[in-house]
Amino acid sequence: MNQSKAINVGLIGCGVVGSGLVESFSENHDKEVSLKKIAVKDAKKPRNISFDNLTNNADEILEDPDIEIVVELIGGYNPAKDYIIKAIKNGKHVVTANKAVISEYGPEIFAEAKKHNVNVGFEGSVAGGIPIINPLLEQLSIGKIKSIAGILNGTTNFILTRMSEGVDYHSALAIAQEKGFAESDSSFDVKGLDAAQKISILASLAFGRWINPSEVYCEGITEITTIDIEYARELGYAVKLLTMARKTKEGEIDIRVHPALISLNHRLSKVNEEMNAIHILGSPFDEYFNVGKGAGRGPTAFSVYYDVIKIAEMIKSGVFREIKINKNHAKIANQDEIVTEGYLRFYLQHVPGALHSVLGVLAKHGWNVKDSLQRGGPKHELNVDGIRCLPVIITHEPLPFGIIKETLHDLISLKTEKGSPVHGKPFYMRINR
């Protein structure tokens with residue numbers, strides 16, 4: 001390679017992020033890199049980009065000996081993964097923002113990259129414009145990370161922000177879809193699966209043990225109501241979809257995604273709208289906290305372009321950065337054994353002795369109630385599925401999560417001579433301080 005020449009780049013995929021990357025190339029006029037060709041599904045489709053060298057054949061990029069960096073931005077599992085592997089086997093460096101492929105096939109991709117002595121950049125795969133992948137691979141890697149907590153899904157954060165203003169879940173989701181913050185099928189976001197892919201990547205890099213998204217305990221936000229958010233605020237908390245990965249005292253990795261009550265004194269509680277945030281605790285750096293947009297044309301394209309520039313510099317200096325992912329064989333913690341405080345909401349029916357029977361179930365499982373909120377009278381009465389109910393809120397002292405699940409099961413099946421004291425399914429959230 002002639003070190004004085006610009007590094008040629010080939011782009012596969014030119015959607016929202018891809019067009020933003022093309023704009024980054026045209027705006028920066030960086031002499032170190034040159035965008036040579038773009039592969040798209042339909043090369044004849046009109047596009048609002050200042051670039052003419054388009055092809056509908058990805059092999060024109062993957063097989064071109066003059067292209068040294070391949071950027072994959074088509075998303076999804078395949079053919080994206082096949083393109084990445086083929087590029088690596090052809091001795092090309094790769095940049096991607098594809099969280100699905102990295103979270104699922106990271107070990108295979110990085111092993112292949114090591115074999116062929118090429119670099120893989122994936123800063124854009126998690127939290128868009130927030131620098132986190134490169135810090136984990138570089139500065140933070142020389143420290144000892146204890147925990148990562150964050151808000152890693154902008155869709156759910158936007159929905160919860162609207163709900164904190166009194167908008168119900170379905171209306172808040174519709175607003176998010178109207179503004180382009182949620183897909184027409186939003187299940188991947190609202191069920192927590194998107195966040196699970198992202199935290200699996202971060203935790204894998206932080207703890208040196210590759211974690212597949214299927215190993216992440218996952219709950220979504222679909223059962224949260226404005227009642228929960230109002231009562232949480234009264235108790236001094238905000239409700240967020242929390243991503244968490246931490247090392248336990250036993251050396252296991254506790255990794256999960258779930259809605260949680262977060263103290264209003266915590267910085268994560270103040271992260272609203274479609275913003276993302278990452279909070280890392282460790283030594284000797286103590287704390288790393290960053291907030292920014294987690295997705296979208298500008299933020300993600302910025303991260304991808306940064307990786308392109310960085311890898312071009314590494315090519316010219318002959319640097320290979322190995323991504324070490326199997327230096328730790330820690331077990332994934334059993335969530336039933338994780339001790340947590342929590343928030344319980346259930347609908348109490350107008351049945352004599354209803355509350356007494358519920359408290360009997362809590363006592364049976366060793367609950368030590370910390371706070372309880374119940375409002376009587378017609379003003380606070382709810383009509384749930386045509387049945388008159390009162391919402392009851394309870395928070396408790398720490399308990400193993402397995403005990404909490406047993407308690408919820410018993411509350412659902414609770415019967416008395418006068419009827420069923422609890423209507424429907426009780427709702428539970430953990431409390432994170």
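This is a predicted model: local features need pLDDT of at least 70, side-chain atom pairs count only at pLDDT 80 or more; totals for chains, interfaces and linings use all residues.
Which residues lie nearest the centre of the second largest pocket? Residues are numbered from 1 along each chain as its sequence is written.

**View A. The second largest pocket has a volume of about 600 Å³.** M244, R246, R256, V339 and N432 lie nearest the pocket's centre, among 26 lining residues. Strand 9 (237–247), strand 10 (253–263) and strand 13 (339–349) are among the elements that give two or more residues to this lining. By type, the lining holds nine nonpolar, eight polar and nine charged residues. A pocket is an open set of points on a 1 Å grid over the protein atoms alone, where a 1.4 Å probe fits, with protein on both sides within 12 Å along at least five of seven lines; lining residues have an atom within 4 Å of a point.

**View B. A cis peptide bond joins N78 and P79.** Omega is about 15° here. P79 sits in the loop between strand 4 (67–72) and helix 3 (80–89). Helices (H or I, at least four residues) and strands (E, at least two) are DSSP runs, numbered from the N terminus.

**View C. The peptide bond from S283 to P284 is also cis.** Its omega is near 0°. P284 belongs to the loop between strand 11 (275–283) and strand 12 (286–293).

**View D. D286 has a positive phi, near 70°, and is not a glycine.** D286 is in strand 12. Because its relative accessibility is 54%, D286 counts as exposed (over 50%, with a 1.4 Å probe and protein chains only).

Key:
Side-chain values use heavy atoms; hydrogens and water are left out. Buried means under 20% relative accessible area, exposed over 50%, partly exposed in between (1.4 Å probe, protein chains only). Grid points are joined across faces, edges and corners, and a volume is the space filled by probe spheres set on the points. Ala, Val, Leu, Ile, Met, Phe, Trp, Tyr, Cys and Pro count as nonpolar, Asp, Glu, Lys and Arg as charged, and the others, Gly among them, as polar.
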